[in-house]
Amino acid sequence: MRARTPAVLAASVVLALAAGPLAAPAFAAPSAPVSSSADRKGPAEEALRAAIAGLPNQYATAALVRVGTPGGDWHGSAGVRDLTGDGPARPDARFRAGSITKVVTAATVLRLAAQDEIDLDAPVQGYLPDLFTPEFEQPISVRHLLNHTSGIKPGDGFGDDFAEVYAHRYETLTPQQVAASAIAKGPEDFAPGTRQQYLNINYTILGLLIEKVTGRSYASQATRLVLRPAGMHHTYFPGTDPRIRGPHNRGYQAVERPDGTTELVDVTEWNQADRWAAGDMISTTADLERLLTKLFRGRIVPQPELEEMFTTPAGVPGATMSAGLEYQEADGQVFWGKSGARYGYSAFIGGTRDLSRTLVYSVNSTDAKGTARNPVADAITAAALR
């Protein structure tokens, strides 16, 4: 096993907020009371309550939070189910987990590696010869896909901005089409394993790899090898179904009108087929907490394959990503986790490797795919890490 020591991220986990209290926007429905399952003082409980109080506001319509520490656990929820009524946000709500799907995909690949069905050092071209063109002369290992050092260019989507992709939200773009469009662009100008570049395409191809070696669908294998062992009974892969099945809080995207005012567009229903093994999973905070704890305890991926999830690639400048996870250092502790975002929904799971501090949240962000940080999510993170 290669020895690697994480370096401190240039942009570490946020530990304090620069902004003051948030003013409720004109479009906000009456704020629902914060609910919590905590009966004892956990770490920064007042700060956690304050972080999600006052929802909905201009940044989020709902938030669900689960924090675990040696001093106890804290579960909280705030906001509303939707902006057309006054029902409080459901704490058991399902939501789009976005790129947290990659944690499940990585764990599935590593389980198959532990069963000698996949060789992490083998070129993926050998597993998927019909996908790659002769231009891809340099071997791209399975491990290169897992840690985003493959040098494969991004695949095509339905557009580059919200208006374009929203217009196609009920249409299907298959993972095979996405992968083919990426390969058609040829390789990047760097050798595999020499640079880290976070792209969904790496995990789209891993989904194809899982199907090739098992002869079964990605969803069935990820469910069999990860979701069931983790006890994630409320998590599923929607395929081409645009709905969120079961209880959920609706998601919205803020869109500026021509007159300069802001409109919140309901984006709850959306066909996520093109995200697939890179980001289409629907889950709950309780299920994601189960995934985090059982995964870190070695109950899903066995050693030594589990080390791949806590190992960044050697010799790659600035590398922070491992197989499915990314590390950040804050307050002298190293946290391993993964964020995810689809329109209307932002989520995060993470913790210290010994699980002495864990955080899972879902924030119904009104600009989940934007470049600006979300103050609600930042406030949750700051309070959870105190």
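## Surface and overall make-up

Accessible areas here come from the Shrake-Rupley method with a 1.4 Å probe. On that basis the accessible surface of the protein comes to about 16100 Å². Carbon and sulfur atoms account for 49% of that surface. The model is predicted.

The protein has 386 residues, and 56% of them are buried. It holds 11 helices and 11 strands. Take the contacts between residues at least 6 apart in sequence: 70% of them join residues at least 24 apart.

## The S2–S3 hairpin

Strand S2 covers residues 60-69 and pairs with S3 in the antiparallel sense. Eight bridges link the two strands. Two residues lie between S2 and S3, and the strands form a hairpin. Within the pairing, Val65 stands opposite Gly76 of S3.

Strand S3 runs over residues 72-79. Six of its eight residues are buried, so S3 is largely enclosed by the rest of the structure.

## Helix H1 against helix H11

Helix H1 (residues 45-52) and helix H11 (residues 375-384) have axes that come within 8 Å. The axes cross at roughly 175 degrees. H1 is therefore roughly antiparallel to H11, because angles over 145 degrees count as such.

From H1, the contact uses Ala47, Leu48, Ala51 and Ile52. From H11, it uses Val376, Ala379, Ile380, Ala383 and Ala384. By class, the contact of H1 with H11 has nine nonpolar residues, no polar ones and no charged ones.

## Helix H8 against helix H10

Helix H8 (residues 218-230) and helix H10 (residues 285-296) also have axes that come within 8 Å. Here the crossing angle is roughly 100 degrees. That makes H8 roughly perpendicular to H10.

H8 contributes Val226, Pro229 and Ala230. H10 contributes Arg290, Leu291 and Lys294. The residues in the contact of H8 with H10 divide into four nonpolar, no polar and two charged.

## Two buried strand residues

Gln253 sits in strand S5 (residues 252-256). Its relative accessibility is 5%, so Gln253 counts as buried. Beyond its neighbours within four places in sequence, Gln253 is in contact with Phe162, Glu263, Leu264, Val265, Val267, Tyr343, Thr366, Asp367 and Ala368.

Ser346 belongs to strand S10 (residues 345-351). Ser346 is buried, with a relative accessible area of 15%. Leaving out residues up to four places away in sequence, Ser346 touches Gly340, Ala341, Tyr361, Ser362, Val363, Ser365 and Ala368. Ser346 and Ala63 are 283 residues apart in sequence, yet their C-alpha atoms are 9.4 Å apart in space.

## Backbone details

Two cis peptide bonds can be listed. One joins Leu55 and Pro56, with omega about 5 degrees. Pro56 is in the loop between H1 and S2. Another runs from Gln303 to Pro304, with omega near 0 degrees. Pro304 is in the loop between H10 and strand S8 (326-330).

Trp276 has a phi of about 45 degrees. Trp276 is found in helix H9 (residues 276-279). At 12% relative accessibility, Trp276 counts as buried. Leu355 has a phi near 65 degrees. Leu355 is found in the loop between S10 and strand S11 (358-365). Its relative accessibility is 15%, so Leu355 counts as buried, the cut-off being under 20%.

Conventions:
Residues numbered from 1 in each chain as written. Predicted model: local features only at pLDDT ≥ 70, side-chain atom pairs only at ≥ 80, totals over all residues. Heavy atoms only, no water. Buried < 20%, exposed > 50% of the residue type's maximum accessible area, 1.4 Å probe, protein only. Helix = DSSP H or I, 4+ residues; strand = E, 2+ residues; numbered from the N terminus. Pairing = 2+ DSSP bridges. Contact = heavy atoms within 4.5 Å. Axes fitted to C-alpha atoms, helices over the stretch in contact; angles between N-to-C directions. Parallel < 35°, antiparallel > 145°, perpendicular 65-115°, else oblique. Nonpolar A, V, L, I, M, F, W, Y, C, P; charged D, E, K, R; others polar.
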